[in-house]
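Thanks for making the time this morning. I would like to walk through one structure with you, going from backbone details to helix packing and then to the nonpolar cores.

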Amino acid sequence: MAPPTTSRGLRGSGPGSEGQTFVRYYRVLREHLWLVALCTVLAVAAAVVYVHVAPRRYKAEALLQASPSQADDPVLSQLPVQHSSGDPTTDILTAASLVTTNEVATAVIRHLNLRTTPSALLANVQATPVGQTALVAVQAEASSPGLAQRLANAFVTERIATSTAVMQRALAVLIPGLQSRLAAIPAAERNGPGSLGDELIEMEQYEHGQDPTLGIAQVATRPTAPYTPKTKLSIAAGLLAGLLLGVGAAFGFNAIDPRLRREEQLRSLLAAPVLARIPREPMRKTRGPLLPAELSFVSHEGYRRLRTTLASRRTDGVARAALVTGSSPSEGKTTTAINLAFALAQGGVRVILIEADLRRPTIAASLGLTPHFGTAEVLTSEVELADALLPVTIDDTSLRVLAAARAGDDLADSLSYAVARDMIADAKELADFVIIDSPPLTSVVDALPLAQFADEVLVVARLGRSRLGKLVDLDELLDQQGATISGLVLVGEAPTRGSTYYYAGEDGAAPRDRSRGSRPGSEPSETAGARRSEAAGSRRSETAGSERSGSGSTRV
């Protein structure tokens, strides 16, 4: 059965693209939830620190009432008081502006014995009209509640006092003149409504009183709490700012570090099915590819699933070649190639594993091989492929390996299209499946000719490491060469409970790792080939068997 054909390139938007966009946004936030939480905690903590260290400021308010004199008032119209303009809004604005003058501030400083300047004092005082009334709200800020109260009251009283002083000085001039005029007229005409005598009496009353156009409507009370900092408002602002900053940081972090975080990203980028999901393995002290004996049970199941898919594509007994590649180093390509090869060999077919990474070869060292002839010698026709193959056995599962005997950048130049075609054809005559371990093609294009002649191109991607841009570049590179990605292997998923369902004990406990030495006879035949023997441990035996053209057989 031929492999399924898929459309190339990036997936376009469909009818549900808008919903998918919101889903992507949600997943980005969920993946970077730690960053959002960190920014929120830091912002709230900063708000709490600000509330505790910020200086307390208190505000008190007194009300001044302004009643401008009318134009038909015969006495007040002659005095230097506030006169009505006919517009109440203009009148109250004028009254408010006359509160915060240098003259009033100087009087307040003198009255309260303050050590400051009028301009500095006026920076802490505001006078504003109260709605559509004849009231002016005088608000004063200070570092203590008592000082704020005194300042608000002082500005009201000193505004009245300064205006009264001006009025009394004017009366001191007007009254003697009015008395002289009054003495010059007959006594019978001196008193009566609208007479000079009545004006004189009214002026004499103002001479010993305050400005009749101004008054105290309400004295300031002592504030019981600071108006700043506002604890609840500051913490709420910190919480909101932290959330906004965290969301922005999450999307920014996702933009500058676009790594593969979930399977859906891989599906949206590459039009190819995910054939296997390999979970994360425990951290190891040594580096290099993992052998079958070092894998967990769930990982073995992933490679068996990949084996089943590839086997279903082999029809009429025709051999098939599969190239295993990726977009970046350390994604698990070599581990996938080795374990896929052994999984296929467990099924009873002939398998050849070819190492095509000539710059950083690792298969020989991982399998304990000491090849005299390797991939480079086959490419340069120094030796036939059949003579360079090394048989390797792991737990009664055997396959043959063409490993790189040495590393070198110059060796990669030997892999031309004709050589790649001939090598794959020769390998398919000797085996049912040929698995080729390729270097990351976006980094080096050495093995690109092999991709054209391989029946399967498997791309390995690792969660948290593979970069989305590199995966797109790999897809475009293969498309340019006429090669199609036939399947994806996703490495690094968290193992799920459902994957061990059929092997769980009655108490629901996780199964014993069958690849790490269960008791004999307790596992299926396929699992036995991947088991690490308890007696053998992880030791590799010495190279055994007869040499073939200087190459030895290895049993692991």
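**Loops, helix pairs and cores**

Let me start with S330, which sits in the loop between β6 (320-326) and α11. Please keep in mind throughout that this is a predicted model. The phi of S330 is near 60°, which is a positive value in a residue other than glycine, and I point it out because most residues other than glycine have a negative phi. With a relative accessible area of 37%, S330 counts as partly exposed.

A second residue with this feature is D395, whose phi is near 50°, again positive in a residue that is not glycine; D395 belongs to the loop between β8 (390-394) and β9 (397-402). While we are on the backbone, the peptide bond that joins T228 and P229 is cis, with omega about 0°, and P229 is located in the loop between β4 (214-218) and α8 (231-256).

Now to another proline, P440, which lies in the loop between β10 (433-437) and α16 (448-453). Is P440 buried or exposed? Its relative accessibility is 9%, and because the cut-off for buried is under 20%, P440 counts as buried. Leaving aside residues up to four places away in sequence, P440 touches T325, G326, S327, S328, P329 and K333. From P440 to V459 there are 19 residues in sequence, and the C-alpha to C-alpha distance is 9.5 Å.

Let me turn to helix packing, where two packed helices are described by the angle between their axes and the distance between the axes. On the α10 side the contact is made by Y303, R304, L306, R307 and L310, and on the α11 side by T335, T336, N339, L340, A343, L344 and Q346. Sorted by class, the residues of this contact are six nonpolar, four polar and two charged.

For the other pair, the axes of α6 (residues 145-183) and α7 (residues 196-207) come within 10 Å and cross at roughly 155°. Because angles over 145 degrees count as roughly antiparallel, that is how α6 is placed relative to α7. Here α6 passes α7 in a left-handed crossing. Among the residues making the contact are M167, L171, L174, I175 and L178 of α6, and L196, L200, M203 and Y206 of α7. The contact of α6 with α7 has 10 nonpolar, three polar and four charged residues.

That leads to the interior, since in soluble globular proteins nonpolar side chains tend to be buried together. Which residues have the most contacts inside the largest nonpolar core? They are L450 and L478, in a core of 48 residues, and the helix that gives the most to this core is α17 (residues 468-480), with six residues. A second, separate core has 37 residues, including L290, L344, L353 and A364.

Finally, the overall picture: the protein has 18 helices and 14 strands, and buried residues make up 44% of its 556 residues. Of the contacts with a separation of 6 or more, 79% are between residues 24 or more positions apart.

Terms used
Residues numbered from 1 in each chain as written. Predicted model: local features only at pLDDT ≥ 70, side-chain atom pairs only at ≥ 80, totals over all residues. Heavy atoms only, no water. Contact = heavy atoms within 4.5 Å. Helix = DSSP H or I, 4+ residues; strand = E, 2+ residues; numbered from the N terminus. Nonpolar A, V, L, I, M, F, W, Y, C, P; charged D, E, K, R; others polar. Core = buried A, V, L, I, M, F, W, Y, C linked by side-chain atoms within 4.5 Å. Buried < 20%, exposed > 50% of the residue type's maximum accessible area, 1.4 Å probe, protein only. Axes fitted to C-alpha atoms, helices over the stretch in contact; angles between N-to-C directions. Parallel < 35°, antiparallel > 145°, perpendicular 65-115°, else oblique. Left-handed = near helix turned anticlockwise from the far one by under 90°.
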